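Please look over the sequence and the structure shown below.

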Amino acid sequence: MAVLSRGLFSFLLLFTVWTAGGSAIQAEQTETELLQSAGFPAVQEKRERVFVVPSGQSVGVQLETKGLYVVGFHFIETDTDRISPGEAAGLLPGDVITRVNGHKVTEPQAIRPYVQKAADQQKSVKLTVMRGKKMLDLSVKPVKDSGTNISKLGLYIKNKTAGIGTLTFYEPKSKKFGALGHVISDLQSGKPFAPVKGTLYPARVTGIKKAAEGVPGEKTADIPTEKKWGDVTSNTPFGLFGQLEHDMDGAKIYPAAHPDEVEEGPAQIWTVTKNNQIETYNISITRTIQQTKPAIKGMIIKMTDPRLINKTGGIVQGMSGSPILQNGRVIGAVTHVFVNDPLSGYGVHIDWMLKDAGLL
């Protein structure tokens, strides 16, 4: 979920400290019957139609980069200067260091021996860096910190991040899933956390900090990390995607709507506000954008259900990815909240999540 202030927004995947065989799909209706019950005419489809299981379940995610993610820089005090060798060498926040002197590195502490050896020999370390889809080779010469007498590169690096959000859907045959509806960005660098691999876990909501004007609310949850649900394989502008290990209990399939099939007016979201219980809440689609190419702001939504407003104050952090349904169809997912109006926010059209999941 992201927080938005009429032009300013930040992601509402809730990053927090973690505390702490599904059944087969009940395909009681044919695809034709499902389409007709969702208001589609009884004629042959002219466009590809995907059927998915909407979820609404809260999930925990743990993501890892395939290397060392550059969060930012710190400046080293020397006898004559104040410098970050990494920044001076051309590194940028969001870069991923994959090799040091030709050796693969995956843990932050693994870089220290190479830095110390280079400093002892008064040489530079050779870094292989992934920047988007490009691979770069950069040389960084360590500088000795006059305060600690330790040679450093002046980098803040990490390889993992974690948080909670909401599972939007999965496709029962392939077990491919989509969650969150927006990219996970590093909180310090502001850059997308990538390239990525990760794990999806169930989450039990333990509390809600209610939203108020100017103050985003948030869910808190326990994550039983011994209960793996699936693997995360990509982190894109439209969410997290990967594959579940099992079906979910009580799963039911629904047709997914294309952007031009979404209507302004009543709709529902599925989300969890306590424990693991998915509930349906009424909302209103106040504006829908008939997008023909992927974009994250596909519709403006407003929470109207007194039960949800009483519990959460509106859209809260951790609600990212809550599926939006209308007329028996999955139309999208909750993604952002307006900071100055926590009852309102943005939703993303489901088509773009289906594309990134490899289903459309």
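## Strand S4 and its partners

Tyr 69 stands opposite Val 96 in S7, and two bridges join S4 to strand S7 (residues 96-100), the two running antiparallel. Strands here are DSSP runs (E) of at least two residues, numbered from the N terminus, and two strands pair if DSSP finds at least two bridges between them. This is a predicted model, in which local features need pLDDT of at least 70 and side-chain atom pairs count only at pLDDT 80 or more, while totals for chains, interfaces and linings use all residues. Residues are numbered from 1 along each chain as its sequence is written, and side-chain values use heavy atoms, with hydrogens and water left out.

S4 is mostly covered, with 13 of its 16 residues buried, where buried means under 20% relative accessible area (1.4 Å probe, protein chains only).

## Cores

The largest nonpolar core has 22 residues, and Leu 63 and Leu 167 are among those with the most contacts inside it. Such a core is a set of buried Ala, Val, Leu, Ile, Met, Phe, Trp, Tyr and Cys residues joined through side-chain atoms within 4.5 Å. Among the elements that give two or more residues to this core are strand S4 (58-73) and strand S13 (155-170), and the largest share, five residues, comes from S4. Leaving out residues up to four places away in sequence, Leu 63 touches several residues, including Asn 159, Phe 193 and Leu 240, contact meaning heavy atoms within 4.5 Å.

## His 349

His 349 is found in strand S27 (residues 341-349) and is buried, with a relative accessible area of 1%. Apart from its neighbours within four places in sequence, His 349 is in contact with residues that include Pro 259, Val 262 and Ile 331.

## A three-stranded sheet

Three strands form an open sheet in the order S16-S17-S24, with mixed pairing, and the edge strands, S16 (204-209) and S24 (316-317), each pair on one side only. Strand S17 (residues 217-222) runs parallel to S24, to which two bridges join it, and Glu 218 stands opposite Gln 317 in S24.

Technical notes:
Helices (H or I, at least four residues) and strands (E, at least two) are DSSP runs, numbered from the N terminus. Buried means under 20% relative accessible area, exposed over 50%, partly exposed in between (1.4 Å probe, protein chains only).
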